[in-house]
Amino acid sequence: MDTQSAQAFDLDARDTTRLRVLQCIRAGGAISRTDIARDLDSSPATVTSACGALLDAGMIREVKAAPSESVQRGRPRVMLEVNADAFAVAGVKVARRAIHVMLVDFKGGEIGTYLHVLKQSCMPARALTHEVRRAVELACAQSGLDMGILAGIALGLPGFMHADSAFMHWSSSVEERNVDFRPLFQEVLPCPTFLDNDANLVAKAEHLFGAGRGLRNFLVVTIEHGVGMGIVLGGELYRGERGCGAEFGHVKVQFEGAVCQCGQRGCLEAYVGEYALIRDASVGRQSDVHKSLQDILDAARSGDALSHEVLERASQILGVALASLVNLFDPEHIVLARSRPKFDNPYTDAMLDALQRNTVQVDAPLPGITVRNLDETMWAKGAAAHGIEMVSILKIRERGAVDAA
Ligand SMILES: [Zn+2]
């Protein structure tokens with residue numbers, strides 16, 4: 001459970017219990033009141049009361065258990081499940097040249113995905129918000145979904161941002177610095193919209209659906225145009241006080257080194273991000289020889305010494321930086337994820353080798369490492385999962401206000 005978010009939304013004790021019950025039902029698929037009380041170590045009366053409020057609000061529904069699960073003398077056992085039809089949520093990831101949208105029902109079932117191509121990779125905040133609206137509209141139209149049914153949109157952006165206040169300090173996708181997205185969202189988008197760092201959303205997706213399932217302490221490092229990171233500590237996302245934590249891409253690897261897109265010098269990203277590799281592999285060449293990382297990989301494979309050298313060096317720099325993460329966090333697991341191009345074996349081996357050599361040596365195995373070629377929908381899937389959590393909190397708070405009135 002994202003208790004940080006619950007705290008940020010000021011849920012009282014009763015509403016927090018309702019949220020925990022809802023999340024227990026979500027995790028259980030279909031679960032009886034008795035089992036919820038046992039799982040939450042709570043009294044049956046408390047659980048029954050919370051379930052009553054959630055049923056009234058339409059967030060859950062009763063279903064009859066399969067005959068084999070019916071244990072109460074001939075009477076079918078009543079189970080509870082999340083009401084998939086209660087709300088729809090859009091998960092949105094802003095990438096360099098496209099906006100990915102995933103529409104899900106309240107149970108997390110996929111309704112549809114949509115890719116909205118962007119002409120520019122960086123634009124004013126207002127223009128970007130309008131592009132997000134357009135992408136969500138088109139996604140809904142394609143899936144035959146009335147946009148009015150959306151209860152929330154969760155938006156993942158690269159960069160430094162404070163999730164609870166939707167305040168963006170900096171993003172490579174936005175022209176301005178220091179943007180309060182709340183009024184923009186309210187003006188342009190049709191429903192409550194939640195902002196988060198995109199790598200946090202991949203961490204969320206890995207935690208719920210991927211290599212981080214059931215783990216309490218793990219890291220997700222995303223390597224794309226830039227380098228991002230999501231930190232899960234004690235089962236929860238760690239965002240930092242100002243929302244600027246986990247900026248692995250801007251860890252300095254060279255004093256007064258290469259200029260980074262954040263404006264500072266010597267950042268990791270300025271040595272291993274796609275734009276950095278294109279810059280380094282183009283030294284002394286016509287500027288359009290390498291347009292993408294794929295071009296550099298292709299050139300290296302056909303024997304181009306400079307391309308090979310650039311990739312080898314970047315892999316080692318990344319491996320050393322990853323070793324610092326292991327030394328700092330001692331995580332159970334690290335997921336290294338990239339969307340495109342796929343990880344290339346020789347360079348992945350160079351990276352893992354540098355990681356191993358630079359990790360503090362103890363007589364215990366290194367954390368597990370998953371090298372994952374990320375399905376591009378994973379970002380939007382993580383955003384959708386975040387959206388469902390946030391909508392759950394909002395709806396429980398709304399219901400609580402009705403009960404208090
Ligand atoms: Zn930087």
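Predicted model: local features only at pLDDT ≥ 70, side-chain atom pairs only at ≥ 80, totals over all residues.
Residues are numbered from 1 along each chain as its sequence is written, and side-chain values use heavy atoms, with hydrogens and water left out. Local features need pLDDT of at least 70, side-chain atom pairs count only at pLDDT 80 or more, and totals for chains, interfaces and linings use all residues.

Visitor: What makes the set of 41 residues a nonpolar core?

Guide: A nonpolar core is a set of buried Ala, Val, Leu, Ile, Met, Phe, Trp, Tyr and Cys residues joined through side-chain atoms within 4.5 Å, where buried means under 20% relative accessible area and exposed over 50% (1.4 Å probe, protein chains only). The largest such core has 41 residues, and Val221, Phe248 and Leu318 are among those with the most contacts inside it. Helix H11 (305-329) is one of the elements that give two or more residues to this core, and H11 gives the most, with 9 residues; helices here are DSSP runs (H or I, at least four residues), and strands are runs of E, at least two, numbered from the N terminus.

Visitor: Which residues does Leu318 touch?

Guide: Leaving out residues up to four places away in sequence, Leu318 touches Ile223, Phe248, Leu268, Val272 and Met351, contact meaning heavy atoms within 4.5 Å.

Visitor: Why are the buried residues of H3 said to line one face of the helix?

Guide: In H3 (residues 33-40), Ile36, Ala37 and Leu40 are buried. Seen down the axis of H3, the buried residues fall within an arc of 100°, so they line one face; the arc is that of the directions from the helix axis to the C-beta atoms. On the other side of H3, Thr34 and Arg38 are exposed.
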